Amino acid sequence: MKQVFMGTVCLAALGLSGSVQAAGAGQAGNAFNPSIGLILNGTYAKFSQDPAGYAITGFPLGGESDPGTAGFSLGESELSITANIDPNWYGAFTLAMGSEDVAVENAYVQTTSLGHGLTVRGGRFFSGIGYLNEQHAHAWDFTDTALAYRALLGTQYGDDGVQLRWVAPVDLFTEVGAEWLRGDAFPAGGSANEGRGAWSGFVHFGGDVGSSSSWRAGLSYLSAKAEARITGDGDSFTGTSKVIVADVVWKWAPNGNAYNRNFKFQAEYLHSKNEGDFTPEGGSLTAYSAKPSGWYAQAVYQFMPRWRVGLRHDQLKADSPGPAFTNTVLDSQGHSPKRNSVMIDYSNSEYSRFRLQFNRDQSLPEADNQWFLQYIMSLGAHGAHIF
Amino acid sequence: MKTIGKVIAVLLIAMPLTALVIKPASAGVDVFACEPEWGALAKTLGGDLVSVYTATTAYQDPHQIQARPSLIAKLRRADLLVCTGSQLEIGWLPVLLRQAGNRRVQPGQPGNFAATEYVTMLDKPVSVDRAQGDVHPGGNPHIQTDPRNMALVAKALADRLAQIDPPHAVDYAARYKDFDAQWQTALVRWEQQAAPLRGVKVVVHHKAWSYLFAWLGIESVASLEAKPGVPPSAGHLSEVVAQLRNQPAKMVIRAAYQDGRPDEWLAEHVPIRVVVLPFTVGGSDAAADLFGLYDDTITNLLEGAK
């Protein structure tokens, strides 16, 4: 409820700034309305295993970590409202609406006029760590996110806080950033340190190779405190979770003209270190230390206008924390979760896309064959995508 | 793990300091041009007083550019952003502006120059609906296909350079005067050369030539894209063929960056010439500068109309 309330305040603030300016300019009252965009998203999914029993062996899962709903289902619709607030501020708001829940995904303001390569953002936002973390679900190249994100970052780490970014005045794209966050979302939990439970830092580099290729590489670090963080059916963790993410993305198009053909490769490695006390559901508090990790690599190729195909491989390594946790959610049972995915999608225009995807998902020892047929449609203003 | 954490912490602190030591290597006004024609114009009007970076080439579709890291790095240091505007760059420029942390080039600042603000826009839709395809509410943004627009933009850009770099205001004014004199002479020549093109019927690939056609009196009878920005489909191409059998056209025109296959297919089914125009500076060997751009455009059109 609090989330919805915050959103309303933000909406009201944006609407107000628009109408005040419009009145001053003597124009129609809606001339300064913010950009409004809506993403409609729906899926038909088929699983060979019951998705209600989904888990990743050896990993406690936070956030929205299920693989989806069998049959026809409405995915998350995203309503986004963005505008320059005044010469110094830009505001963005994204509401994610599932069939049963509504969540404020983004509600932040950020500076536009600090100069010197500096940008400060405050509010709720997806952390700048990693590559995939900042991308909204509609911009993903597959229906679902990487397994390593699902297992180690609760699908996508978003939280309340402040972010500082600085772009260096050099030709090689060099950006450093730091965030100070509430610590309310997995892998953090319980808003430790009076609501300052997590911080992160990241470095990005990037550039072009000739006129056909461009790349970005990054290294990120997230330090998250968990206080009585509940996952699954009642597993509780108190301690720290530190995550390192190394990411690289490479894009190619003949002469840099992506219209006919283009290729995109991305890979990320996530390494986590968890230390503290773990209380498995129905069990007792036990000291816990483990270093789970995971990686994925994916390639997407547009072979002609409108049509793209993609391949992805996911792999996880649960670090068994010892015999004290046998038969709990942390017990890896000697299994290395992995998943292979293949997808093909068709875009009638840049505003509509249909996708067919198949996963052979071995998150659990017994493989699950997953089929997804998805549509993603964009109505109204559609903000430019980040690289 | 702790070591990696420390390494990142050190990087976070050390990198800004290192970058501060590296002195930005720029001579005069740093110009970030969104498209090659504006890069060429800025170079012509600024000469040695400006250092121009052009974000796209003639072989790229200016609607569909990735917000690449290299572009953020370049925009970070720019004193002046010169773009077409009218939402041509809406798919990538807003992201660059938000990420570069450069106050000088934000909308409303003197360092933000949109060429379409200085010309009369064509194809301004009365209402906009995406069912019409990728329409631009402010009008057709491809203004550079009419050289008379280039003269108007040149005046505005020279004034803007003078505003940003007042010590050299006299130099920009002089360079503009020089350019304009040559341009007016060239305009007379182009209009004489292009006289036979008046009333010639053509098919376009994308609705990118409204200004050129308005200038030279060329008549566009069909478009290979059923709606702007929607790739040509087999169904729509068959309709165009049927139309052209009744109502022939001389040539089918596309820009250097566009896929030639639909045009070639069309030429196999109806008697029509395929003409590739440079569209912007660098779109052909002959279009090496602004003068060459229109020389080559008219030469190709005359060839196609024979």
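**View 1. G47(B), just past the end of helix α2(B), has a positive phi.** The angle at G47(B) comes out at about 55°. Helices here are DSSP runs of H or I with at least four residues, strands are E runs of at least two, and both are numbered from the N terminus. Keep in mind that this is a predicted model, where local features need pLDDT of at least 70, side-chain atom pairs count only at pLDDT 80 or more, and totals for chains, interfaces and linings use all residues. Residues are numbered from 1 along each chain as its sequence is written, with chains lettered from A and ligands numbered from 1 in the order in which they are written.

**View 2. Helix α2(B) is largely enclosed by the rest of the structure, because 10 of its 11 residues are buried.** Buried means 20 or more other C-beta atoms within 10 Å of the residue's own (exposed is 12 or fewer, partly exposed is in between, and C-beta atoms are placed from the backbone). Among the buried ones are W38(B), L41(B), T44(B) and L45(B). Their packing partners in chain B are strands β1 (29-33), β2 (50-54) and β3 (80-83), plus helices α5, α6 and α10 (290-305).

**View 3. Zoom in on T44(B), which sits in helix α2 of chain B.** T44(B) counts as buried because 22 other C-beta atoms lie within 10 Å. Leaving out residues up to four places away in sequence, T44(B) touches F179(B) and L290(B); contact here means backbone-placed C-beta atoms within 7 Å. A288(B) is 244 residues from T44(B) in sequence, yet the C-alpha to C-alpha distance is 13 Å.

**View 4. L157(B) is one of the residues with the most contacts inside the largest nonpolar core.** Such a core is a set of buried Ala, Val, Leu, Ile, Met, Phe, Trp, Tyr and Cys residues, joined through C-beta atoms within 7 Å. This one has 86 residues, and V31(B), L41(B), A42(B) and V82(B) are also on its most-contacts list. Helix α5(B) gives the largest share, seven residues. Not counting residues up to four places away in sequence, L157(B) touches L41(B), A42(B), L45(B), V82(B) and F113(B).

**View 5. Helices α5(B) and α6(B) pair up with axes that come within 9 Å.** They cross at roughly 175°, so the two are roughly antiparallel. For reference, axes are lines fitted to C-alpha atoms, for helices over the stretch in contact, and angles run from 0 to 180 degrees between N-to-C directions. Over 145 degrees is called roughly antiparallel, under 35 roughly parallel, 65 to 115 roughly perpendicular, and the rest oblique. On the α5(B) side, the contact includes A151(B), A154(B), A158(B) and L161(B), while α6(B) brings Y172(B), Y176(B), W183(B) and W190(B), among others. By residue type, the contact has 14 nonpolar, no polar and three charged. Nonpolar covers Ala, Val, Leu, Ile, Met, Phe, Trp, Tyr, Cys and Pro; charged is Asp, Glu, Lys and Arg; the others, Gly among them, are polar.

Methods
Two residues are in contact if their C-beta atoms, placed from the backbone, lie within 7 Å.
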